[in-house]
Amino acid sequence: MSEETNGPEDLEKVSAAARLFDVRRVIGGLFVVYGTIVTLLGVFDSGAEISKAQGVRINLWMGLAMLALGAFFLLWLRWRPAEVRATRDPADEAGPREPTGD
């Protein structure tokens, strides 16, 4: 079922809802949160954990990569926000209907 927009107020409400539930916001937010957690784990890794990863601070690098990806999604959302176009009723464009006689 499609939602009709009857005026600028309705269009504004639908547009706000579309921006709120944009998948880029959800993905970007999750990557930023998880990236922050993994980065903090990587900063405070013990020597045993680093040697287990063959000397690579994998948590730090993956956390920074997740933060970068999350920032990219959030910046993309800011640069190109979701737009909701006004829906038009095709019956209005067709003109008046002629009554059909049975």
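**From the whole chain to single residues**

Among contacts in the protein chain (heavy atoms within 4.5 Å) between residues at least 6 apart in sequence, 72% join residues at least 24 apart. This is a predicted model, in which local features need pLDDT of at least 70 and side-chain atom pairs count only at pLDDT 80 or more, while totals for chains, interfaces and linings use all residues. Residues are numbered from 1 along each chain as its sequence is written, and side-chain values use heavy atoms, with hydrogens and water left out.

The protein chain contains five helices and zero strands, where helices (H or I, at least four residues) and strands (E, at least two) are DSSP runs numbered from the N terminus; read from that end, the order of elements is α-α-α-α-α. Of its 102 residues, 17% count as buried, the term buried being used for under 20% relative accessible area, exposed for over 50%, and partly exposed for values in between (1.4 Å probe, protein chains only). The chain exposes about 8,400 Å², of which carbon and sulfur atoms supply 62%; accessible areas come from the Shrake-Rupley method with a 1.4 Å probe, and for residues only the protein chains shown count as cover.

Helix 4 has 22 residues and reaches 31 Å from its first C-alpha to its last, close to the 32 Å expected at 1.5 Å a residue, the expected span being 1.5 Å times one less than the number of residues. Its buried residues are Leu-60, Gly-63, Gly-70, Phe-73 and Leu-77. Seen down the axis of helix 4, these buried residues fall within an arc of 155 degrees, so they line one face of the helix; the arc is that of the directions from the helix axis to the C-beta atoms. On the other side of helix 4, Trp-61 and Trp-79 are exposed.

The buried residues of helix 4 pack against helix 2. Thr-39, which is found in helix 2, is buried with a relative accessible area of 11%. Leaving aside residues up to four places away in sequence, Thr-39 touches Asn-59, Leu-60, Gly-63, Leu-64 and Leu-67.

Helix 2 (residues 23-43) also holds Val-33, which is partly exposed at a relative accessible area of 46%. Together with Val-26, Leu-30, Tyr-34, Ile-37 and Leu-41, Val-33 makes a nonpolar surface patch of about 550 Å². Patches are made of residues with over 30% relative accessible area and no salt bridge, like charges being joined within 9 Å and nonpolar side chains (Val, Leu, Ile, Met, Phe, Trp, Tyr) within 5 Å.

If a salt bridge is taken as a side-chain nitrogen of Lys or Arg within 4 Å of a carboxyl oxygen of Asp or Glu, the count comes to one. Arg-24 forms a salt bridge with Asp-22, the closest N and O atoms being 2.6 Å apart; Arg-24 is buried, with a relative accessible area of 10%, and Asp-22 counts as buried at 11%. The C-alpha atom of Arg-24 is separated by 9.7 Å from that of Pro-81, 57 residues apart along the chain. Pro-81 lies in the loop between helix 4 and helix 5 (90-94) and is partly exposed at 44% relative accessibility.

Another loop, between helix 3 (47-52) and helix 4 (58-79), contains Gln-54. Most residues other than glycine have a negative phi, whereas phi of Gln-54 is near 60 degrees, a positive value. Gln-54 is exposed, with a relative accessible area of 74%.
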